[in-house]
Amino acid sequence: EMKDNTIIVVFGASGDLAKKKTLPALFGLFRQGYLPTDVQIVGYARTKMDKADFQSRAVSYIKNPDNNAAISASIQKFQDILTYVDGGYDDGSAFDALNVHLEAIEAKYASKERNRLFYFALPPNVFVPVAKNIKEHCYAETGVNRVIVEKPFGSDLDSARELLNALKQYWSEEETYRIDHYLGKEMVKNILVLRFANVAMGSMWDKTHISNVQITFKEPFGTEGRGGYFDSFGIIRDVLQNHLLQVLSILTMERPVSFSAEDIRDEKVKVLRSIPPITREDTLLGQYVGADGKPGYLEDATVPRGSVCPTFAATTLWIHNPRWEGVPFILKAGKALNEAKVEVRIQFKNTTQGIFNDIARNELIIRIQPSEAVYLKINAKTPGLQTRAMATEMDLTYNRRFADAKIPEAYEALILDALQGDHSNFVRHDELDVAWKIFTPILHWIDGQSGAPPKPVPYPYGSRGPAELNAFVERYGYQRSPSR
Ligand code: BG6
């Protein structure tokens, strides 16, 4: 449940994540009345600013393109709950000053209860000092304290364990909310309902009916100045090991005993533990090159010369359990592709031939973004006097079916969950551990830790990816619909 007497402290309040996601999401919740009564938001960062500077900076991150009067009025009110403290991240005395600031706000509360939510919009190299300093200088003794942190959580199994252990000294699992923002997306949350609230879906969800599954992430832009960060991570750490693997675990987990956070995450961990580390043979790597006036990856000034960092990866995972034995799960993700799209594509097996020839396979597509949709590709009789099958769709496109529904931003959904103490959509420590087990060997190979690193296949900026991709997915049984 939601607790009143809450302060939200945003560390890294002048940085990119706070600007793009955290502060706009807090505003979204505020405007819709979802923040606790009398909530205050305190920004903390190294940048020297006074309260008014921070307020005007924070509201400049909020979009109101049509100058909607109701939104403008909310922005005014939102501004009044914002304050700011500047200080270093490894400076205990600065955290003492922050604590004095928090206590001054709390002195106005009628009860003794004090709840503090600490949001780390920070680079990982300061996670540990900030975790330590909050615990030692800003921990509220009467009420709940929570921390929200977000990837990168290490860069392989060992470094992730090291980070987790370091943070564990100060913050318990119960107090920790690890964000993978894909778990806050409406369509990702919808997967559990589709699977477990529909006998029609649930009964075809296995190796008997499904031939292959693709989970695809496409972005139409390159690293564009973010190349320094990206190059030390690569597309696998940036997108596959976290976002796409999370989607996979929800797609394939067994039915949880309940919707409680621990029951859900127990099942996710169980299915992930049935996946062996991915192999070189099952992996295709790419890197974009300049095309049509758009710069190639290596032409990004922030990217080290001659880097072999993959900006595209397709890799196939196998789940060794009775439900999924033999079904390939192809995860693919790339930057600088032809479109923005994230989707799950489940391709079913052939129907018995004989009365029909050459008809398309059924496919269930869950489009996560843009334009959320679930649609099933089916065959139906061509309307008219002849009896002929045609490929068509049963279509649940959200903006048509639920035209008035407001789809929440992922960060709004997740911050609200954290305020309510619900861990269901946050990553548990053992989930993270098994995710790194699956990807660490291939990452070490790509990093050149086991000999010469592989050379990614070039693909043009704005294309569908490496030319080898079609053959790759066909190798795992994916069939393009017959053209008719
Ligand atoms: C982030 C990655 O985690 O997810 C980015 O670091 C990527 O590289 C982003 O662009 C994609 O998120 P979304 O919500 O835009 O799909």
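Helices and strands here are DSSP runs, a helix having at least four residues and a strand at least two. The model is predicted. A ligand sits among twelve named side chains and residues listed below, including Lys 151, His 243 and Gln 369. A search of the whole structure finds 26 salt bridges.

- Over residues 192–479, the chain is 30% helix and 23% strand. Here the end C-alpha atoms are 27 Å apart.

**Ligand site**

- The residues around the ligand are Lys 151, His 181, Tyr 182, Lys 185, Phe 217, Glu 219, Arg 226, Tyr 229, Asp 238, His 243, Lys 335 and Gln 369.
- By class, this shell holds 6 charged, 3 polar and 3 nonpolar residues.
- Helix H9 (residues 227–252) supplies the largest share of the shell, 3 residues.
- Lys 151 has a side-chain N or O atom 2.5 Å from a ligand oxygen.
- For His 243, the distance from a side-chain N or O atom to a ligand oxygen is 2.7 Å.
- Gln 369 also places a side-chain N or O atom 2.7 Å from an oxygen of the ligand. The ligand on its own has 390 Å² of accessible area, and the protein covers 79% of that.

**Salt bridges**

- Side chains of opposite charge can pair when their charged atoms come close.
- Arg 114 pairs with Glu 106, with the closest N and O atoms 3.8 Å apart. That distance counts as a salt bridge because the cut-off is 4 Å. Glu 106 is buried, at 1% relative accessibility.
- Lys 218 forms a salt bridge with Glu 339, and their closest N and O atoms are 2.8 Å apart. The pair links distant parts of the chain, 121 residues apart. Lys 218 belongs to strand E7 (residues 210–218), while Glu 339 lies in the loop between strand E10 (328–334) and strand E11 (341–348).
- Lys 218 has a relative accessible area of 13%, so it is buried. Glu 339 has 27%, so it is partly exposed.
- Arg 428 bridges to Asp 430, the closest N and O atoms being 2.8 Å apart. Arg 428 is buried at 8% relative accessible area, whereas Asp 430 is partly exposed at 23%.
- Arg 428 and Asp 430 also belong to a salt-bridge network with Glu 262, Arg 265 and Asp 266.

**Buried polar side chains**

- Ser 307 lies in the loop between strand E8 (283–289) and strand E9 (312–318). Its relative accessibility is 10%, which means that Ser 307 counts as buried.
- The side chain of Ser 307 makes a polar contact of 2.5 Å with the side chain of Asp 231. The Ser 307 side chain also reaches the backbone nitrogen of Cys 309, at 3.1 Å.
- Gln 214 is in strand E7. Gln 214 is buried because its relative accessible area, 4%, is under 20%.
- The side chains of Gln 214 and Lys 332 are joined by a polar contact of 2.6 Å.

**Asp 206 and its place in the fold**

- Asp 206 sits in the loop between helix H8 (199–202) and strand E7.
- With a relative accessible area of 18%, Asp 206 is buried. The cut-off for buried is under 20%.
- Asp 206 and Pro 65 are 141 residues apart in sequence. In space, their C-alpha atoms are 46 Å apart.

Terms used: Residues numbered from 1 in each chain as written. Predicted model: local features only at pLDDT ≥ 70, side-chain atom pairs only at ≥ 80, totals over all residues. Heavy atoms only, no water. Salt bridge = Lys/Arg side-chain N within 4 Å of Asp/Glu carboxyl O. Buried < 20%, exposed > 50% of the residue type's maximum accessible area, 1.4 Å probe, protein only. Near = heavy atom within 4 Å. Polar contact = N/O pair within 3.5 Å; in protein donor to acceptor, adjacent residues only side chain to side chain. Areas by Shrake-Rupley, 256 points an atom, 1.4 Å probe, with all protein chains shown as cover. Nonpolar A, V, L, I, M, F, W, Y, C, P; charged D, E, K, R; others polar.
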